[in-house]
Amino acid sequence: MSGVNYSEKIPNNVNLVSDRTLQRALEHWQPHFIEWWKGMGPSDFQSADVYLRTAISVDAQGWAHYGVTKMPDYRWGIFLADPTPERKIGFGDQMGQPVWQQVPGEYRSTLRRLIVTQGDTEPASVEQQRLLGHTCPSLYDLRNLFQINVEEGRHLWAMVYLLHAYFGRDGREEAEELLARHSGDADKPRILTTFNEPISDWLSLFCFTYFTDRDGKYQLKSLAESAFDPLSRTCRFMLTEEAHHMFVGETGLGRVVKRTLEVMKEIGTDDPAKVRAAGAVDLQTLQKYLNFWCSSSLDLFGNEISSNSAANFANGLKGRPDESQYDDHVLREKTLVMATPEGEQTVPMLNALNEVMRESYLKDCEIGLKRWNRQIERAGHALRLTLPSSRFRRTIGTWAGQPVTPEGKLISKEDYEKRLYDWIPSESDRAFVHSLMQKVTAPGKIAGWVAPPDRGINNLPVEYEYVKLH
Ligand SMILES: [Fe+2]
Ligand SMILES: [Fe+2]
């Protein structure tokens, strides 16, 4: 079952050939997708030969096959993790009952909205990143960017498959809309704010893949718990791809820290202006980028107190990430004490699940910071990188619009406005970072603001020509 059929127009492991109507509908959508990819995907690199991995089976041993391909020829397909025999609903009021192979009528519109919202982020990030190839720090990084881009394209396929297969005409219409909205578009923007923020430099890309793809991981993990089994299996496979995206973020930021520390040592000072003059990202600027992308990604978890999240959990549509690690899976009795701008509030746990998810997400975000701070400490510097408080710069939830410092302290609006650009990148910070972004495409060479990676892709040397430009 795990084997993927590559002889068909749309590679898949869902026996697409047995459902002619569905197959035809998806084959009709396919050229629209390719058109979107050529218009909105990585600009000017469509004829480059890229060393990419593709799924050939969904089992743990070897789902990835590496080869050189031009991106428009990438074999985007439909891959679901193998079914778990006799899988039962793992949480909510219907816990212990068999999972659903079809969408129950009463949850149809909610499930469709969950799938569309997830699906919308996938092509959005490709659009956000479409110009980055022009300023790549190395061929290794360029290849990683394109790997992420084609996989986000495949994630779109994953959601479009569910829409086509289980939601009839509404689903097909939603699939078209997923190609019609565009990141940052004034009339038809993407659904979530973070996915309309431009990613115009590689420092932002590393932050985005560190923070925002990690939000993706948490969303996919919670949907992987869903009682709607096709959604669960789809998300389980997507998670294996997502891991690489976060790897790019974590190692990318680690390499920035490493290079900055090298430069500080070379010039014998930690003066940010001198670090900048020497062509590296000063740690203060890096901190601002962390603050910006972390706070933007925290909004993606939604309101701290949410009746939607309560209903989605109680009904078995969306669980907590790693639901099995908790001992209560029904949560009808539990409460959570939450700090709000109006003081402490006791909230039914079911209504506080967005916050529970946000907290465990932040813990996951800490891991990289600890590693980078160890590098900084070993180099003998006192500065430590930190994550902003989950109350900082929020636009959604109980802390939305509140003047809060990155440490989580409420201050006056006036003070906040005066100091905001001490905490997030100002125009001139961004201009400086942009000035570092010079394209480096000689095999084995790397830009001056980032250290080379420790190792190459799939055991190849770092200096391998991962992208052949023509
Ligand atoms: Fe994705
Ligand atoms: Fe991703």
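Analyst: L331 is buried, because its relative accessible area is 2% and the cut-off for buried is under 20%. This is a predicted model, so every value here is computed from predicted coordinates. L331 sits in the loop that runs between α9 and β3. Its phi is positive, at about 65 degrees, although L331 is not a glycine.

What else is in that loop? G319 is there too, between α9 (307–314) and β3 (335–340). G319 also counts as buried, with 6% relative accessibility. Which residues does G319 touch, once neighbours within four places in sequence are set aside? Its contacts are F91, S222, E225 and F313. How far is G319 from K334? The two are 15 residues apart along the chain, and their C-alpha atoms are separated by 16 Å.

Now compare another residue with a positive phi. N15 has a phi of about 55 degrees, and N15 is not a glycine either. N15 lies in the segment before α1. L331, by contrast, is buried.

Helix α1 covers residues 20–40, and its axis comes within 9 Å of the axis of α2. The two axes cross at roughly 30 degrees. The limit for roughly parallel is under 35 degrees, and α1 and α2 are therefore roughly parallel to each other. On the α1 side, W36, W37 and M40 make the contact. On the α2 side, P123, V126 and E127 make it. By class, this contact has five nonpolar residues, one charged residue and no polar ones.

Next, the metal site. Which protein atoms hold the iron ion (ligand 1)? The donors are E122 through OE, E152 through OE and H155 through ND1. They lie 2.1 to 2.2 Å from the iron ion (ligand 1). Along the chain, the donor spacing reads E-x29-E-x2-H. Distant parts of the chain are linked here: E122 belongs to helix α2 (residues 108–128) and E152 to helix α3, 30 residues apart. Are these two glutamates buried or exposed? E122 has a relative accessible area of 3%, so E122 is buried. E152, also at 3%, is buried as well.

Three strands make up an open sheet in the order β2-β1-β5, with antiparallel pairing. Why is one side of β2 and of β5 left without a neighbour in the sheet? β2 (64–70) and β5 (467–468) stand at the edges, and each has a single partner strand, so one side of each has no neighbour there. Strands of a sheet pair through backbone hydrogen bonds, whether parallel or antiparallel.

How many bridges join each pair? Seven join β1 to β2, and two join β1 (residues 49–55) to β5. On the β2 side, R53 has Y66 as its bridge partner. On the β5 side, the bridge partner of D49 is K468. Helix α3 (residues 139–166) packs on this sheet and touches β1, β2 and β5. The direction of α3 makes about 40 degrees with that of β1.

How covered is β1? Seven of its seven residues are buried. Both faces are covered: D49, Y51, R53 and A55 on one side, and V50, L52 and T54 on the other.

W293 is placed in helix α8 (residues 283–298). Its relative accessible area is 1%, so W293 counts as buried. Leaving aside neighbours within four places in sequence, W293 touches T194, E197, P198, I199, S204, C207, F208, F211 and T212. T212 is 81 residues from W293 along the chain, yet their C-alpha atoms are separated by 7.5 Å.

Methods. Residues are numbered from 1 along each chain as its sequence is written. Chains are lettered from A and ligands numbered from 1 in the order in which they are written. This is a predicted model: local features need pLDDT of at least 70, side-chain atom pairs count only at pLDDT 80 or more; totals for chains, interfaces and linings use all residues. Side-chain values use heavy atoms; hydrogens and water are left out. Two strands pair if DSSP finds at least two bridges between them. Helices (H or I, at least four residues) and strands (E, at least two) are DSSP runs, numbered from the N terminus. Contact means heavy atoms within 4.5 Å. Axes are lines fitted to C-alpha atoms, for helices over the stretch in contact, and angles run from 0 to 180 degrees between N-to-C directions. Donors are N, O and S atoms within 2.8 Å of the metal (3.2 Å for Na, K and Ca); water is not among the atoms, so sites may look incomplete. Buried means under 20% relative accessible area, exposed over 50%, partly exposed in between (1.4 Å probe, protein chains only). Angles under 35 degrees count as roughly parallel, over 145 as roughly antiparallel, 65 to 115 as roughly perpendicular and the rest as oblique. Ala, Val, Leu, Ile, Met, Phe, Trp, Tyr, Cys and Pro count as nonpolar, Asp, Glu, Lys and Arg as charged, and the others, Gly among them, as polar.
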